Amino acid sequence: MNIRVFESEDIEQCADDFVTAFNSPPWNEGWSTVRSKEYITDTFHHPKFIGFILTEDNQNLAYALCYKRYWWSASDKYQLYVELFFVCPDHQHKGYGSALMNHMAEYAKKQNMRSLALLTKKGFECYDFYHAKEFTDIESLVFMSKQIK
């Protein structure tokens, strides 16, 4: 098992793996390769992007696409915001997600960041995974969206 930095050359494979992961249960979201590539490319071009890929036997098994950001607190430390985190479906429940998450936490600690943050769906298995990794719900915040008609 190896964890390396995400590079521009990884966008195509990540987009393909993203479609496989998020068009499968429990997500069943209906992503196209074109849209997933656009999403990943936009994230990659964030000015404070940092990404990681967990590989084994030259195969990409898990991805974390993140960026550094300041948040509302008075702290002068960055937060590592996790825009996208997934393990390829055939490789879930084998410890790869935990290994990648631990790597991200160590990276954040070495960079003197104050936290990791992300959004996920309640009631899904990933929600329990993040809780097991000591993420907590922030009761004072809610994700909101308005449909444009």
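These legends go with close-up views of a predicted model.

**View 1. Helix H1 and what it packs against.** Helix H1 covers residues 11–22, so you are looking at 12 residues here. From first C-alpha to last, H1 reaches 16 Å, close to the 16 Å expected at 1.5 Å a residue.

**View 2. Cysteines without a disulfide.** You'll find zero disulfides in this structure. Take Cys66: its closest cysteine sulfur is in Cys14, and because 11 Å lies between the two sulfurs, they are too far apart for a bond. Cys88 is in no disulfide either, with the sulfur of Cys14 as its nearest, 8.3 Å away.

**View 3. A cis peptide bond between two prolines.** Here the bond from Pro25 to Pro26 is cis, with omega near 5°. Pro26 belongs to the loop between H1 and H2.

**View 4. Positive phi at His93.** His93 isn't a glycine, yet its phi is positive, about 65°. Look for His93 in the loop between S4 and helix H3 (96–110). His93 is exposed, with a relative accessible area of 65%.

**View 5. Positive phi at Glu134.** Glu134 is also a residue other than glycine, and its phi is positive, near 75°. Glu134 lies in the segment after helix H4 (125–132), and it is exposed, with a relative accessible area of 72%.

Note on methods. Residues numbered from 1 in each chain as written. Predicted model: local features only at pLDDT ≥ 70, side-chain atom pairs only at ≥ 80, totals over all residues. Heavy atoms only, no water. Disulfide = S-S within 2.5 Å. Helix = DSSP H or I, 4+ residues; strand = E, 2+ residues; numbered from the N terminus. Expected span 1.5 Å × (residues − 1). Buried < 20%, exposed > 50% of the residue type's maximum accessible area, 1.4 Å probe, protein only.
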